[in-house]
Amino acid sequence: MFSSIDDVVQQFAGQKYICSRSIATVVYLASKMGKPILVEGPAGVGKTELAKVISRCLDQELIRLQCYEGLDEAKALYEWEYGKQLLYTQILKDKIGEVLAGTGTLREAVDRISAQDGVFFSERFILPRPLLRAITSEKPAVLLVDEIDKSDSEFEAFLLEILSDFQVSVPELGTISAKNIPLVILTSNNSREVSDALKRRCLHLFIDYPSQAHELEIVKLKVPEVADALAADVVSVVQSVRKLDLKKSPSISETLDWARALALLNVESLGEDTVNDTLTTIFKYEGDVRKAQTELRDFMARQKARTRADGQPDPADKDVLH
Amino acid sequence: MEARILEFAALLRKHGMRISPAESLDSLLALQSTGLGTRDTVKEVLRATMVKRSSDLPTFDEVFDLYFSALGEAIRESGEQAAQALGTTLADYQKLLEQLEELLKKRQEQQGGNELSELARALLRHDDGTLQRRMREASESMREGSGQSGKQEGQLGHAIGEQLRLGEIVRELEGLSDELEQLGADAETAAKLRELIKRRLADLADIIKRAARLEAARENPKPKDATGLQSLGEKSFYYLTEDEIRKMKDAVARLAHRLKHVVSIKRQRAKRGAFDLQRTLRHNTQFGGVPFDVQFDRRKKNRPQIVVLCDVSDSVRNVSRFMLQFVYSLQDLYSKVRSFIFVSDMGEVTKLFEDHDINEAIELALRGDVINVFAHSDFGRAFKMFHRDHLASINRRTTVIVLGDARNNYNLPHEWVLRDVQRKAKQVIWLNPENKTTWGFGDSEMDRYMAFCDVVEECRNLNQLYRVVDRLVLS
C-alpha cells in the first residue's frame with residue numbers, strides 16, 4: 001500500500017517511472033478508496049506501463065485483459081470447458097454404468113444422473129478468464145483492462161456490473177464474490193466515448209504528452225547510454241514536431257525508440273542525414289514523415305546557427321573551405 | 001468544507017460539466033483520505049474525482065481558479081502591493097501600521113466608543129481572513145436578494161458594494177484621514193497614513209471588482225461546447241460561420257467514429273450462425289461420433305458495397321465539404337466504397353481519398369483537379385456519364401447514395417439513368433441539403449428523381465445527417 005502521494009512518486013521513481021503529481025494523486029486515491037482508475041490519453045504515453053509499475057510497486061500479480069471488438073463474457077470472465085467435460089464422461093462411462101446399475105425405469109436413471117450433475121458443473125470444469133481470476137485470486141491483484149474503448153458497449157455494461165459489486169454469478173455455481181478487491185486500471189485511447197456510467201465509477205486520469213523537461217528526464221532514465229546533449233536535441237525535436245498537425249504524433253515510446261536507435265548507431269549529435277535515416281522510428285505514416293521533414297530542416301538550420309555562434313566550426317563550412 | 005465543495009460542484013454544473021451527487025461524494029471522501037494539504041493537492045483530488053472527460057479539463061481549471069483562489073489571492077495581493085505602492089520597505093510599512101493602530105486606539109478613547117466598522121478595521125489592518133469572510137457574506141446575501149441573474153459585472157459590483165455599505169466605509173475612512181493631525185500624528189506620518197488609507201480604499205474597490213467577476217461567472221456561465229453543439233446540430237449547413245465550420249468538422253469526425261462502432265457490433269453479432277448438425281456429425285466422426293468439436297453455420301458476411309455520388313457545384317459549396325468528409329469517413333469504414341464527385345461531369349475520387357489524408361483529399365477534390373468544379377450543375381449529363389462508364393460496377397449488393405440539391409439549371413434531367421441504377425442496385429438513397437418545401441420548385445428536379453429512389457431524405461443539418469446514418473447502418 002502507498003502511504004502518501006509523495007510515497008507514490010518515490011516508489012514509482014524506484015521503478016523507473018517518472019510521474020507527475022496528478023498521476024500520483026490518482027493512484028494514491030485509487031488504492032485508498034478502492035476505486036478503479038480510468039486512464040485516457042494518446043497512444044504511447046505510458047498508460048499500460050502505469051499498471052505494470054503499480055503492480056511491481058505493490059508486489060501484486062498483474063492480470064491483463066486486452067479488449068477488442070467482439071470480446072465477450074466467455075473470453076473475459078469464464079467458460080465451461082466443454083471438451084474436458086465430454087472427455088470425463090467418456091472416460092467415466094463405466095462408472096456411469098455403475099451408478100445407473102439396477103435402475104428400473106428411465107425416470108429413475110435420469111434422477112440418479114441429475115443427482116450427480118454437480119460434479120460436472122463444478123469449479124473443476126470452469127476455465128477462469130482474467131476477470132474471474134482477478135476476483136478469485138488468493139492474493140490481491142492488479143487488474144488491467146486495456147483499451148476498453150475497443151470493446152463493444154455491451155461488454156462495457158457487463159464490466160460495470162463487475163466493477164461495482166466485485167462479484168460474479170455463475171448460474172450453475174451461484175455467486176462468487178471477490179476474496180480481495182483488485183486494483184482496477186482501465187485504459188482508453190478515446191477511439192469512442194466510454195459511457196458515463198462507467199466513468200462515474202472510476203477516478204479519471206488524463207495523461208498527455210509530457211513537458212520538455214519531463215520528457216528529457218524520462219529519456220535519460222530509460223536510455224542512459226544516450227549522451228546528454230543528444231537526448232536534449234531528440235526531445236526538443238520531438239516536442240516541436242508534436243505541434244504539427246500529424247496523423248499520429250510521436251509519443252514517449254517513440255521518443256525512447258528513437259533515442260535508443262541513435263545510441264545504437266553511435267550518433268553523437270543530430271545531423272540532417274542521421275535524422276532522415278532514422279525518422280521512421282518516430283513516424284508511422286508516410287505523410288507525417290514528409291510533413292516533419294520541412295520542420296526538421298528548420299530545426300537543423302537553427303541548430304547550425306547555434307553551433308556557429310558557439311564558435312565551433314561547422315562541418316559543412318569546412319567542406320566549403322577545402 | 002462540504003458546503004464549499006458542493007457549491008463548487010454546482011458551479012461546475014452551471015458551466016456545462018456533468019457532475020453527479022456520487023461524484024461530489026467521492027471527492028469529499030477522497031479529500032478526507034488525502035487531507036487538505038496544499039492547494040494543488042486539493043485541485044488534483046477534485047480533478048480526479050470530478051472531471052470525467054478530457055475536454056472538460058480546461059473548464060475545470062478555469063472554474064477552480066476562479067472559485068478557490070480568486071478572492072483570497074486578490075486580497076493577499078492587494079496587501080502586498082500596498083506596501084510597494086507606498087514606496088516603503090515591508091518593515092517600514094509594518095511600523096506605519098503600528099502607528100495607525102495607536103492612533104486608532106487614541107481616537108477611540110477620545111471619542112468614546114465611536115469605533116470604526118469591522119470592515120474598515122479589517123481593511124486597514126490587513127486582516128485578510130475577515131475581509132474574505134465579509135466579501136463572501138456580501139456575495140451570499142446579494143445572491144439571496146433575487147433578480148441578479150443576467151446582470152453584468154458592473155451591476156454586480158455595485159450590488160456587492162451596497163451590501164458592504166461601501167459608502168459608509170468611505171466616509172468613515174475619509175473622516176479618519178482628516179482627523180489624523182488632531183490625533184497627534186506628525187505631518188510626515190499623517191501624509192503617509194493618508195496615502196495608505198487612500199490606497200486601501202482603492203484596494204477595496206479592486207477586490208469588489210474581482211468578487212463581481214466571480215459572481216458574474218457564477219451567474220452567467222459561458223455556453224460550453226456541449227450546449228453549443230446541440231444548437232449546431234440544428235443549424236443548416238448553408239449558414240455556418242467560420243468557427244462553426246471548424247466545430248462541425250469535429251462533429252462529423254465523431255459521427256464517423258460512431259458509425260464504425262455500430263458497424264463493428266453488427267458484424268460481431270453476425271459472426272456466429274446457428275448450430276450446424278450435419279457438419280458437426282461429419283466433423284466428429286473422427287472422435288467416434290462424440291461431439292467434441294461443435295460446428296456452427298458460418299454466416300455469410302454482408303459486406304455492403306457503397307457508391308457515393310456527391311454534388312460539389314457552387315450552389316452546395318458549403319455543404320459539399322461536409323458531405324465529402326462524410327464520404328471520406330464512409331470509405332475509411334467500408335472496404336468497398338467508390339466515391340464520385342460531379343458538377344456537369346462525373347469524376348471518381350476513390351483513389352484520391354485512399355492516397356491522401358482527409359483535409360488534403362477534400363481540398364484536392366474541390367480544387368478542380370478531377371472535374372471542372374466551376375461549371376454549371378448538370379445532373380442529367382453527369383448521370384449519363386455515370387451510366388456509360390460505371391453502371392456495370394453496380395450489383396444487387398450495392399447501395400447508391402446521391403448527395404445533391406437536384407438543381408439542374410433547366411437542363412435535361414435524364415431520370416431514366418436513376419431508374420436503371422435502381423433496377424440493378426440494392427437501394428438508392430438521395431440526401432438533399434435543401435429544405436423539403438422547396439423541392440420541385442424552380443430548377444429543382446427533385447420530384448422527377450424522387451420516383452426512382454428508395455429513400456429520400458432532407459439532410460440540412462447535423463442531426464438529420466445523424467438520423468440518416470442511423471437508418472443506413474441499422475437497415
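Which residue just after H17(B) takes a positive phi? I looked: Gly368(B), at about 100°.

I noted the ground rules. The model is predicted, so local features need pLDDT of at least 70 and side-chain atom pairs pLDDT 80 or more, while totals for chains, interfaces and linings use all residues. Residues are numbered from 1 along each chain as its sequence is written, chains are lettered from A and ligands numbered from 1 in the order written, and side-chain values use heavy atoms, without hydrogens and water.

**Chain B, H17.** Buried here (under 20% relative accessible area, exposed being over 50% and partly exposed in between; 1.4 Å probe, protein chains only) are Ala361(B), Ile362(B), Leu364(B), Ala365(B) and Leu366(B). These pack against H15 (317-333), S4 (336-342) and H16 (350-355) of chain B; contact means heavy atoms within 4.5 Å.

**Chain A, sheet.** I traced an open five-stranded sheet, order S2-S5-S8-S1-S9, with parallel pairing (at least two DSSP bridges between two strands). S2 (61-66) and S9 (203-206) of chain A are the edges; each has a single partner strand, so one side of each lacks a neighbour in the sheet. Twist averages 20° from one strand to the next. Four bridges join S1 (37-40) to S8 (183-188) in chain A. Leu38(A) has Leu186(A) as its bridge partner in S8(A).

**Chain A, H5.** I looked up Leu87(A), in helix H5 (82-91). Leu87(A) counts as partly exposed because its relative accessibility is 41%.

Notes:
Helices (H or I, at least four residues) and strands (E, at least two) are DSSP runs, numbered from the N terminus. Axes are lines fitted to C-alpha atoms, for helices over the stretch in contact, and angles run from 0 to 180 degrees between N-to-C directions.
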